[in-house]
Amino acid sequence: MNIAIYCRVSTTDQSCERQERDLLEYAAVLGCKVVGVWKETVSGKKEHRHERDKVIALARSRDIDAILVTEMTRWGRSTIDLIETLQELNSWGVSLIAQTGFQFDLNTPQGRLIAHLMASLAEFERDLMRERIRSGLAAAKARGQKLGRQPGQRVKADKLAPKVLKMVEQGYSYRKIASALHLSKTTVNDIVKRHRQSKTRGNRS
């Protein structure tokens, strides 16, 4: 069985060396072939994990049969993230194995039961997040706080508006303008729309 080892620590004063050593020993006990070790230092709350993405890419291309971690918390950013990535791995026929002895495999009754429980927990977590957002918005509104983007807050868009309008006059498409100025196509469209509206108001006055 070909496996990838994934190690993660949260802060720079920590090291992945112990995890790597323990997981290499564990892989030898399992009789697995280690195709590589991927290590990174990133907080559990951070969304972008470049080394983990590389391991997921290997799983997607089916170059590995399993991923080995010291514990599930080293892999998942949250309950939602854990269940979603586990479901993806399962669709590619790749298992996630923790050194603690936990192995996630949706082909077994135990794996399906755990998946069901984790999916329920993930949905509960989503509901809590939505409720916190709604409560926070309601409290802010009650305090008289204005919600949403306010005039004058489009700093980057306002700064680049002259360039956008000039490129429009030169015949560039919105897509090419967005790509050249590192803006979204929607932002380019909004800039042009606001410019035309301001000209219309000026003509009326």
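This report describes the helices, strands and side-chain contacts of one predicted model.

## Basis of the description

The model is predicted, and local features are reported only at pLDDT of at least 70, side-chain atom pairs only at pLDDT 80 or more, while totals for chains, interfaces and linings use all residues. Residues are numbered from 1 along each chain as its sequence is written, and side-chain values use heavy atoms, with hydrogens and water left out.

## Helix H1

Helices and strands are DSSP runs, numbered from the N terminus, with helices being H or I runs of at least four residues and strands being E runs of at least two. Helix H1 spans residues 17–30, and its 14 residues reach 20 Å from the first C-alpha to the last, close to the expected 20 Å at 1.5 Å a residue, where the expected span is 1.5 Å times one less than the number of residues.

Buried is used here for residues under 20% relative accessible area, exposed for those over 50%, and partly exposed for those in between, with a 1.4 Å probe and protein chains only. In H1, Gln19, Asp22, Leu23 and Ala27 are buried. Seen down the axis of H1, the buried residues fall within an arc of 140 degrees, so they line one face of the helix; the arc is that of the directions from the helix axis to the C-beta atoms. The face turned away from this buried side carries the exposed residues Glu17, Ala28 and Val29. The buried residues of H1 pack against E1, E2, E3 and H3, contact being defined as heavy atoms within 4.5 Å. Just after H1, Gly31 takes a positive phi of about 75 degrees.

## Helix H2

In helix H2 (residues 50–60), the buried residues are Glu51, Arg52, Val55, Ile56, Leu58 and Ala59. These residues cover an arc of only 155 degrees around the axis, which puts them on the same side of H2. The partners against which the buried residues of H2 pack are strand E1 (2–9), strand E2 (33–41), strand E3 (66–69), helix H3 (72–75) and H4. H2 is followed by Arg62, whose phi is positive, near 60 degrees.

## Two residues of helix H4

Asp81 lies in helix H4 and is buried, with a relative accessible area of 7%. A polar contact of 2.8 Å joins the side chains of Asp81 and Arg52; such a contact is a pair of N or O atoms within 3.5 Å, where within protein one atom must be able to donate a hydrogen and the other to accept it, and residues adjacent in sequence count only if both atoms are side-chain atoms. Leaving aside residues up to four places away in sequence, Asp81 touches Arg52, Trp75 and Gly76.

Ser91 also belongs to H4, which covers residues 79–91, and counts as partly exposed at 47% relative accessibility. A polar atom of the Ser91 side chain lies 2.5 Å from the backbone oxygen of Glu88. Ser91 and Ala59 are 32 residues apart in sequence, and their C-alpha atoms are 9.8 Å apart in space.

## Strands E3 and E4

E3 and E4 pair in the parallel sense over four bridges, pairing being assigned if DSSP finds at least two bridges between two strands. Ser95 in E4 is the bridge partner of Ala66. Both faces of E4 (residues 95–98) are covered, with Ser95 and Ile97 buried on one side and Leu96 and Ala98 buried on the other.

## Salt bridges

The structure holds six salt bridges, each being a side-chain nitrogen of Lys or Arg within 4 Å of a carboxyl oxygen of Asp or Glu. One of them joins Lys39 and Glu20 at 3.1 Å, N to O. This pair links distant parts of the chain, since Lys39 lies in strand E2 and Glu20 in helix H1, 19 residues apart. Lys39 is partly exposed, with a relative accessible area of 40%.

Another salt bridge, at 3.0 Å from N to O, joins the side chains of Lys54 and Glu51. Both residues lie in helix H2, three residues apart, about one turn of the helix. Lys54 counts as partly exposed at 44% relative accessibility, whereas Glu51 counts as buried at 18%. Elsewhere, salt bridges that share partners join Arg18, Arg21 and Asp22 into one network. Within this group, the side chains of Asp22 and Arg21 meet at 3.9 Å, N to O; Asp22 counts as buried at 17% relative accessibility, and Arg21 is partly exposed at 45%.
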